[in-house]
Every structure is written in C-alpha cells, then in structure tokens.
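The following paragraphs lead through the helix packing and the pocket of the structure shown here.

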Amino acid sequence: MIALILYTALLYLIQIITAAVLRERASAAVKSRADNAVHNLRESLPVFFALAIHSIHLGVDANFYLAAYWLIARIIYAVIYITGIGLQSPKEGSTYVPQPVRGLVWFVSIALLVNMGINLI
C-alpha cells in the first residue's frame, strides 16, 4: 500500500508538471482541461491518503487492490480529461461541454474510494 501512496504522489507531481508545460505550449482549452484535471485530483487526494493510511494501520489488505484500481482510474481520468476524449458539443446557450466518458471514470474512482471506506468498518 505504501508503494501505491507513493505512486499516487508521483501522479500528482506529473499532472502538475504536465499542466505547467501545457500552459506554455497548448491551446487555451487544453490548458484549462489540464488545470482542471489537477484540481480534481487534488480534491480526492486527502480522502485517498486517509483511507490508504488507515488501511495500513488496520491491516485491511483488501483495500490494496481497490487502491490500485483507483490509481488506474485516476490515470485514465487525467488522460481523458486533458486530451478531450469524448467531448461533446455544448447545448445552445450553455458554456458547459459534456464529456460523459470522463464522468463515468470519475464515478468509478469515487465508488472505489467508497468501497475502501466500507472495508474499514
């Protein structure tokens, strides 16, 4: 589990660096998506770290695989978000650009965190 925690920290650093590089070299839309992907990961990191550390402390080995799947889901999420895979056209009069694939991967990552929490009970 400690390795997964370190890999998650590495993912965060990679996303920060990617966003910084894209700010100088990419279109405004890509810059915005890269920044938003970092912010979204930042919002779920405290929950993941808390669950992972409690899993180590309580010896809940089942959470290792859930944490690994969560990390994979977050990598996929970042790639989908930054590259714009599955972007749809906004509805008339709206600035919101739907990306259903990204939403599905986000939901999976949240469900994995919930399952990690349930395993700690």
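How do the axes of helix α3 and helix α4 cross, and within what distance do they come? The model is predicted, with local features requiring pLDDT of at least 70, side-chain atom pairs pLDDT 80 or more, and totals for chains, interfaces and linings using all residues. Residues are numbered from 1 along each chain as its sequence is written, and side-chain values use heavy atoms, without hydrogens and water.

The axes (lines fitted to C-alpha atoms over the stretch in contact, with angles from 0 to 180 degrees between N-to-C directions) of α3 (residues 62-83) and α4 (residues 100-119) come within 9 Å and cross at roughly 160°. Helices here are DSSP runs of H or I with at least four residues, numbered from the N terminus. α3 is therefore roughly antiparallel to α4, a term for angles over 145 degrees. Their contact (heavy atoms within 4.5 Å) includes W70 and Y77 of α3 and W106 and L113 of α4. Its residues comprise 16 nonpolar, four polar and two charged; Ala, Val, Leu, Ile, Met, Phe, Trp, Tyr, Cys and Pro count as nonpolar, Asp, Glu, Lys and Arg as charged, and the others, Gly among them, as polar.

Helix α2 (residues 28-58) also packs on α3: their axes come within 9 Å and cross at roughly 175°, so these helices are roughly antiparallel to each other. Among the contacting residues are L41 and F48 of α2 and, from α3, W70 and Y77.

Finally, α1 (2-25) and α3 each supply at least two residues of the lining of the largest pocket. Residues such as Y7, L11, I75 and V79 belong to this lining, which has eight nonpolar, two polar and no charged residues. A pocket is an open set of points on a 1 Å grid over the protein atoms alone, where a 1.4 Å probe fits, with protein on both sides within 12 Å along at least five of seven lines; lining residues have an atom within 4 Å of a point.

Methods
Parallel < 35°, antiparallel > 145°, perpendicular 65-115°, else oblique.
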